[in-house]
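Please look over the model below before reading on. My notes follow it.

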Amino acid sequence: MKASNKLAGALVALCMLSGTAQAAEVTWKMTAAIGEGSFFYQNFMERFAKNVDLLTGGRVEIQPFGAGVLAPAFKAYEAVSDGIVEAGHSTPSYLVNQDPTNAIFASFPGGMSGEATLNWVYNGGGEALLQKFRSETMGMHTMVVGVGTSEILAHSNVPIKTVEDLKGIKFRTSGAFAAVLKDTFGGVPTVVPGNEIYTLLQRKGVDAVEWSTPGANITEGFHEVAPYLILPGVHQPSFLWEVFVKQETWDKVPDDLKALITAAAKLTTYESFAHFGHEDMKAMAEYRKTKVEIITLATQEAEKIRVAGREWAKAQAAAQTAAGKPFMQEVLDSYLAYQANWAANSAYLVRD
């Protein structure tokens with residue numbers, strides 16, 4: 001064999017060995033509750049996958065897929081539970097009708113700001129409670145991957161200035177606000193996946209929609225088809241998304257990789273939260289350059305929604321306890337205590 005051929009053979013062998021050494025030890029397909037390429041998909045899903053790859057040195061590979069590819073938008077939890085995919089990324093908001101405990105984690109009218117929520121999740125026991133909840137009720141291990149800033153209350157085809165304006169309004173929403181809207185204010189909530197909202201609003205299939213933060217919403221173009229933008233986001237003062245796998249899937253992961261995946265989840269949450277804030281400010285500046293009319297509810301009107309949300313949460317927790325399910329009350333007590341402490345002791349913070 002010629003020397004050049006020997007060298008070529010050696011290089012091929014070296015590449016093969018190198019590729020084997022770098023092959024992922026853990027590979028998960030991850031389905032999403034949002035469409036590929038959307039603001040959430042990029043800020044949560046893709047960021048998490050990249051952070052996992054970075055922190056594990058390629059030993060863990062997570063392959064994200066948008067809603068509808070491996071599972072429908074609202075079926076991420078079922079897809080993981082049924083073994084269709086290893087991992088899912090969604091929000092507890094989509095499970096409120098199954099168990100209202102999810103609303104406390106997802107945030108609700110009258111809930112904490114994003115800043116306070118972030119602290120409750122990682123320092124006040126919020127994530128630990130969520131993990132206990134998922135483990136005991138769904139047999140899953142979960143990690144918070146995404147806490148958001150306050151949302152826009154509505155992109156609307158009709159002006160909304162008081163809670164009386166919510167009566168009879170057809171409103172695309174989900175989670176706790178859907179129940180509060182219907183039961184307290186006489187609205188008509190409907191739920192559709194994110195990729196259907198623009199068309200529904202454009203065709204006036206609904207009067208108003210809520211989806212996410214200013215930075216996320218502006219990329220969807222809702223302001224192009226609805227003349228009113230309603231603030232503040234008291235219906236959803238923050239929000240939480242999670243990545244979840246079956247407990248047996250998590251148990252198979254080596255302990256050192258569990259720690260690194262967990263660190264990647266937390267890193268993603270902090271990075272994405274900062275990204276939300278940055279993009280929100282840019283978006284609000286852009287909205288003011290458009291023809292959309294920005295309506296800000298008077299403080300007393302916004303407070304009516306906040307009070308209604310808290311009363312709804314307390315009533316749901318009491319009903320759960322009466323039915324022999326006291327865990328929601330435990331979560332709500334933790335949440336409200338943290339909120340009260342934050343409100344009482346955060347006056348030192350400078351607000352620009």
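The points below cover the cores, the aromatic pairs and some backbone geometry.

1. Basis. This is a predicted model, in which local features need pLDDT of at least 70, side-chain atom pairs count only at pLDDT 80 or more, and totals for chains, interfaces and linings use all residues. Residues are numbered from 1 along each chain as its sequence is written, and side-chain values use heavy atoms, with hydrogens and water left out.

2. Main core. A nonpolar core is a set of buried Ala, Val, Leu, Ile, Met, Phe, Trp, Tyr and Cys residues joined through side-chain atoms within 4.5 Å. Buried means under 20% relative accessible area, exposed over 50%, partly exposed in between (1.4 Å probe, protein chains only). The largest such core holds 47 residues. I104, W120, L166, F171, I230 and I305 have the most contacts inside it. Elements supplying at least two residues each include helix 4 (101-106), strand 9 (228-231) and helix 12 (299-322). Helix 12 gives the most, with 6 residues. Helices (H or I, at least four residues) and strands (E, at least two) are DSSP runs, numbered from the N terminus.

3. I230. Contact means heavy atoms within 4.5 Å. Leaving out residues up to four places away in sequence, I230 touches I152, L153, A154, S156, I160, I295 and L297.

4. Aromatic pairs. The whole structure has 21. Rings of Phe, Tyr and Trp (its six-membered ring) pair if their centres lie within 6.5 Å; planes under 30 degrees apart count as stacked, over 60 as edge-to-face and the rest as tilted. F40 and F44 pair edge-to-face, at 5.3 Å centre to centre and 70° between the planes. Both lie in helix 2 (residues 39-55), about one turn apart.

5. Y94 and W241 are buried. Ring pairs link both into a cluster whose members include F39, F74, W211 and F239.

6. Backbone. Most residues other than glycine have a negative phi, and most peptide bonds are trans. Which bond is cis? The one joining L231 and P232, with omega about -10°. P232 is in the loop between strand 9 and strand 10. S107 has a positive phi of about 90°, and K204 one of about 60°. S107 counts as buried because its relative accessibility is 6%. K204, at 54%, counts as exposed.
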